[in-house]
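Let's take a walk through this structure together. Keep the sequence and the 3D view open as you read.

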Amino acid sequence: MTFSALWESLLPVGRDGGTGGYRRFSWTPADAACRSWFFDAAAERGLRATSDRNGNLWAWWDAPDGAAVTEPDPGSAAGEGAPAGLLGARAIVAGSHLDSVPDGGAYDGPLGVVSAFAAIDLLRERGCRPARPVAVAVFTEEEGARFGVACLGSRLLAGLIDPAAARALTDRDGVTLADAMTAAGHDPAAIGPDQALLASIAAYVELHVEQGRALAGLGAAVGLAVGIWPHGRWRLAFTGRADHAGTTRLADRHDPMLPAAAAVLAARDAAAGHEALATVSKLIPEPGGVNGISSRVTAWLDARAPDEPRLHALVGQVLAVARAAATAHGVDLDTRQESVTAAVDFDAPLRDRLARTLAARGIDAPVLATGAGHDAGVLAARVPAAMLFVRNPTGVSHSPAENAELADCHAGVAALAAALEDLACR
Ligand SMILES: [Zn+2]
């Protein structure tokens, strides 16, 4: 099995020696190393590798005779719900992302990319000949860990974010996306929607490590996604007054940390009340001295819910508590919605087709919903998309403890290969 060799070759890239976690942030040297790993993996397989205008990577297994596809497109939504320009869609794309959250795990993203290459290897071993192009894709800045907008590469490709706004995004050091791309040798002027590329895709299948324990409970190595909860990120900037921690009377303080703390607790309460999820994990106090009151605290709220009314009710509740607490402490509050992703229902005909294909091979793949966003969820607005999950025994994700058993990774490759064979091979 080629999976292990390919997996091992990617493992050291961007791993922090101290924490064992990954710091593969977009347009950094670690990201460049991931990109060169991708180009090497494609070259070893004779796949035609390219970077698109948005910095997403593609490795193409072209149909041998470039034959036009005459069979119906998989997933009838290509003809029903999707824009008319997609009717000529052709390629079957599998992939995921290689970037990470700060000190992320090895599997979130890379498992889908490595499995896509391994699935192509498996299909070639079986002598499958593609009747349509098959591609392995890597989407840039999926985690939003550097520039704050999740799925940035797929959003740009799909035309779901304004390119000028994207160019102006900044990282925590104030470096813009435009400058970071330029420094990495990529032209930021070219970013934006790519209708021709989208129109060449018949379906996108993303394999991903499960970020929960549902499959472990069901005793299944792989699952299929039904949809993704609506979710988003909000930035809350509390501005107070810097002062001395040892001399300023409590009554005289304008401490922005106090309403920020109220917001953190409100997120937990609101999530529980709406049977949803909400988290404040990133908090930046400025100047942040131990013996001083901060002048400003910026907090980020991540919220996810089974439906949009509950998502907006939850966020409204948190912001109302934050505003009341800010007023009580004489602190200004500026809130900004950084991103919201609507609920995603993956293409039902495509999912049903994959379920039948897997069942025919004796692969039991339960159908799950998830609260985690993915490029497949973004691309689902433009092309039929599906997701395969691989069992995560502990459910832990976005942590170095994230794990999947090798046998389950192999089961994932087998399932992805079955899907690609059904969708793309003669
Ligand atoms: Zn991921």
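**Starting at a threonine**

The side chain of Thr-370 reaches the backbone nitrogen of Ala-372 at 3.0 Å, a polar contact (a pair of N or O atoms within 3.5 Å; within protein, one must be able to donate a hydrogen and the other to accept it, and residues adjacent in sequence count only if both atoms are side-chain atoms). Before going on, note that this is a predicted model, where local features need pLDDT of at least 70 and side-chain atom pairs count only at pLDDT 80 or more, while totals for chains, interfaces and linings use all residues. Residues are numbered from 1 along each chain as its sequence is written, and side-chain values use heavy atoms, with hydrogens and water left out.

Thr-370 sits in strand β14; helices here are DSSP runs of H or I with at least four residues, strands are runs of E with at least two, and both are numbered from the N terminus. Its relative accessibility is 12%, so Thr-370 counts as buried. Buried means under 20% relative accessible area, exposed over 50%, and partly exposed in between, using a 1.4 Å probe and protein chains only. Leaving out residues up to four places away in sequence, Thr-370 touches Gly-227, Ile-228, Trp-229 and Phe-389, where contact means heavy atoms within 4.5 Å.

Which residues of α12 are buried? They are Leu-350, Arg-351, Leu-354, Thr-357 and Leu-358. Looking down the axis of α12, you'd see these buried residues fall within an arc of 125 degrees, so they line one face of the helix; the arc is that of the directions from the helix axis to the C-beta atoms. Turned away from that buried side are the exposed residues Arg-356, Ala-359 and Ala-360. At the N-terminal end, Asp-347 caps α12, with a side-chain oxygen 3.0 Å from the backbone nitrogen of Leu-350. Just after α12, Gly-362 takes a positive phi of about 75 degrees.

Now for the metal. The zinc ion is coordinated by His-97 (NE2), Asp-108 (OD) and His-208 (NE2), at 1.9 to 2.1 Å. Donors are N, O and S atoms within 2.8 Å of the metal (3.2 Å for Na, K and Ca), and water is not among the atoms, so sites may look incomplete. In sequence, the donor residues follow the spacing H-x10-D-x99-H. His-97, in the loop between β3 (91-96) and α4 (110-125), and His-208, in strand β5 (residues 201-209), are 111 residues apart, so to speak linking distant parts of the chain. Both of these histidines, His-97 and His-208, are buried.

Val-101 also lies in the loop between β3 and α4. At 13% relative accessibility, Val-101 counts as buried. Setting aside neighbours within four places in sequence, Val-101 is in contact with Tyr-22, Phe-25, Glu-143, Ala-145 and His-398.

Finally, step back to the whole. The protein chain has 14 helices and 15 strands, and 54% of its 426 residues count as buried.
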